[in-house]
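Trainee: Please take me through this model by question and answer, stating the cut-offs as each term comes up.

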Amino acid sequence: MTDYFALLDEARRPWLDPAKLKEKYYRVSLAAPPDAEVNEAFRVLSDPKLRLHHLLTLEGADLVAGRAVPASVAELFWNTGTLLRETERWLLKNAEATSRLTRALLRPERTKLDERLGKLEEQLRASYESELVEVRRFDASWNPGFPNELTKLRERYDSISYLTRRLAGTREKRFQLSVT
């Protein structure tokens with residue numbers, strides 16, 4: 001596996017300054033002919049979720065699926081799942097509606113769902129930003145040689161991973177509602 005940190009001459013850290021990373025990427029790109037691996041390194045290291053996954057993989061952390069939802073996002077995770085299922089049920093009802101009257105009667109529920117999804121999206125985004133702050137704070141004391149460091153980093157990764165998936169699902173349902 002290619003070490004993208006080394007490829008862009010970055011230290012293996014949970015947090016990288018986006019402006020400095022972009023600067024290094026441009027420097028490396030200008031010094032050599034176009035390289036797909038350099039582009040991929042920049043893409044991965046620019047994205048917090050992908051960067052943490054790459055770092056954990058390089059450090060030999062166990063990333064097998066099936067871990068519990070992190071406590072920091074558990075309630076939000078379950079609330080999101082419930083609302084996404086409610087929205088899916090509404091979308092199915094709307095798709096099965098055969099008359100304009102039936103669709104018109106469903107419209108107020110659609111408006112409420114969209115409002116709830118909008119608020120949920122704000123909560124998810126705020127939680128995501130909070131997790132990034134935690135990653136940055138964690139980075140200040142990052143020492144991969146300590147036994148619990150990878151466990152703590154994996155918890156941050158899991159939280160960010162769940163939040164990005166739930167954000168994507170929420171945006172998708174809002175889009176589906178907007179085109180009905």
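Trainee: Which residues form one aromatic cluster?

Mentor: This is a predicted model, in which local features need pLDDT of at least 70 and side-chain atom pairs count only at pLDDT 80 or more, while totals for chains, interfaces and linings use all residues. Residues are numbered from 1 along each chain as its sequence is written, and side-chain values use heavy atoms, with hydrogens and water left out. Rings of Phe, Tyr and Trp (its six-membered ring) pair if their centres lie within 6.5 Å, with planes under 30 degrees apart counted as stacked, over 60 as edge-to-face and the rest as tilted. One such cluster is formed by Tyr25, Tyr26 and Phe42.

Trainee: How many residues apart in sequence are the parts that the pair of Tyr25 and Phe42 ties together?

Mentor: The search of the whole structure finds five aromatic pairs, and the one formed by Tyr25 and Phe42 is stacked, at 4.2 Å centre to centre and 15° between the planes. Tyr25 lies in helix α2 and Phe42 in helix α3, so the pair ties together parts whose separation in sequence is 17 residues. Helices here (H or I, at least four residues), like strands (E, at least two), are DSSP runs numbered from the N terminus.
The value asked for is therefore 17 residues.

Trainee: Are Tyr25 and Phe42 buried or exposed?

Mentor: Accessibility uses a 1.4 Å probe and protein chains only, with buried meaning under 20% relative accessible area, exposed over 50% and partly exposed in between. By these limits Tyr25 and Phe42 are both buried.

Trainee: How far from the ring centre of Phe77 does the charged end of Arg166 sit?

Mentor: A charge sits over a ring if NZ of Lys or CZ of Arg is within 6 Å of the ring centre and within 35 degrees of the ring normal. Arg165 lies over the face of Tyr162, at 4.9 Å from the ring centre. For Arg166, whose charged end sits over the ring of Phe77, the distance to the centre is 4.0 Å.

Trainee: Which elements are included in what covers the buried residues of α5?

Mentor: The 23 residues of α5 should span 33 Å at 1.5 Å a residue, which agrees with end C-alpha atoms 33 Å apart; the expected span of a helix is 1.5 Å times one less than its number of residues. The buried residues of α5 include Phe77, Leu84, Trp90 and Leu91. What covers the buried residues of this helix includes α6 and α7.

Trainee: Which residue meets Asp158 in a salt bridge?

Mentor: A salt bridge is a side-chain nitrogen of Lys or Arg within 4 Å of a carboxyl oxygen of Asp or Glu, and the search of the whole structure finds 16 of them. Asp158 meets Arg67 in one, at 2.5 Å, N to O, a pair that links Asp158 in helix α7 with the loop between α4 and α5, 91 residues apart.

Trainee: Which residue forms a salt bridge with Arg156?

Mentor: The closest N and O atoms of Arg156 and its partner Glu131 are 2.8 Å apart. Arg156 lies in helix α7 and Glu131 in helix α6, so the pair ties together parts that are 25 residues apart in sequence. Arg156 counts as buried at 17% relative accessibility, and Glu131 counts as buried at 5%. The partner is Glu131.

Trainee: What distance separates the C-alpha atoms of Arg13 and Leu55?

Mentor: Arg13 is in the loop between α1 and α2 and is partly exposed, with a relative accessible area of 25%. Contact means heavy atoms within 4.5 Å, and, not counting residues up to four places away in sequence, Arg13 touches Phe5, Arg51, Leu55, Asp139, Ala140 and Trp142. Arg13 and Leu55 are 42 residues apart along the chain, and the separation of their C-alpha atoms is 7.4 Å.
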